[in-house]
Amino acid sequence: MCRSIKTLRPPTTPEVTDEDIRAAALQYVRKVSGFRAPAAHNREVFDQAVETVAAATQDLLDGLQIRGSAARQHSHP
């Protein structure tokens, strides 16, 4: 798959930022779509896919229970 997507769960990555999550989502959408940057007529669907994948990634990370780690709390605006 896409080797530039890094593991974002603790303890591998103790501090995960919104930018980390969005970067992983962007890499995933680029890989799946085959486009590094979409043409203007595909921009809206491309950007929406990145946001959807980022939200799903945040939900996953928030729901994971990692043995030996304190519960993670991430506030959303």
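## Starting with a definition

A residue is called buried when its relative accessible area is under 20%, exposed when that value is over 50%, and partly exposed in between, using a 1.4 Å probe and counting protein chains only. Keep that in mind as you turn to helix 2, where Phe-46, Val-50, Ala-54, Thr-57, Gln-58 and Leu-61 are buried. These residues cover an arc of only 110° around the axis, which puts them on the same side of helix 2. The arc is taken from the directions that run from the helix axis to the C-beta atoms.

## What you are looking at

This is a predicted model, in which local features need pLDDT of at least 70 and side-chain atom pairs count only at pLDDT 80 or more, while totals for chains, interfaces and linings use all residues. Residues are numbered from 1 along each chain as its sequence is written, and side-chain values use heavy atoms, with hydrogens and water left out.

The protein has 2 helices and 0 strands. Both kinds of element are DSSP runs numbered from the N terminus: helices are H or I with at least four residues, and strands are E with at least two. Of the 77 residues, 23% count as buried. The accessible surface is about 5900 Å², and 53% of that belongs to carbon and sulfur atoms; such areas come from the Shrake-Rupley method with a 1.4 Å probe, and for residues only the protein chains shown count as cover.

How long should helix 1 be? Its 16 residues should span 22 Å at 1.5 Å a residue, and its end C-alpha atoms are 22 Å apart, which agrees. The expected span is 1.5 Å times one less than the number of residues. Helix 2 passes this check too: its 21 residues should span 30 Å, and its end C-alpha atoms are 30 Å apart.

In helix 1, the buried residues are Asp-20, Ile-21, Ala-24, Ala-25, Leu-26 and Val-29. What covers them includes helix 2, and the cover over the buried residues of helix 2 includes helix 1. On the face of helix 2 turned away from its buried side you will find the exposed residues Glu-44, Val-45, Asp-59, Leu-60 and Gly-63. Just after helix 1, Gly-34 takes a positive phi of about 80°.

## The nonpolar core

A nonpolar core is a set of buried Ala, Val, Leu, Ile, Met, Phe, Trp, Tyr and Cys residues joined through side-chain atoms within 4.5 Å. The largest one here has 11 residues, among them Leu-8, Val-16, Ile-21, Phe-46 and Ala-54. Helix 1 (18-33) and helix 2 (43-63) are the elements that give two or more residues to this core, and helix 1 gives the most, with 5 residues. In soluble globular proteins, nonpolar side chains tend to be buried together.

## A closer look at some residues

Which residues does Ala-54 touch, leaving aside its neighbours within four places in sequence? Ala-54 is in contact (heavy atoms within 4.5 Å) with Ile-21, Arg-22 and Ala-25. Thr-57 also lies in helix 2 and counts as buried at 19% relative accessibility. Apart from neighbours within four places, Thr-57 contacts Leu-8 and Ile-21.

Leu-8 sits in the segment before helix 1 and is buried, with a relative accessible area of 7%. Gln-58, in helix 2, counts as buried at 5% relative accessibility. Its side chain is joined to that of Asp-62 by a polar contact of 2.8 Å.

A polar contact is a pair of N or O atoms within 3.5 Å; within protein, one must be able to donate a hydrogen and the other to accept it, and residues adjacent in sequence count only if both atoms are side-chain atoms.
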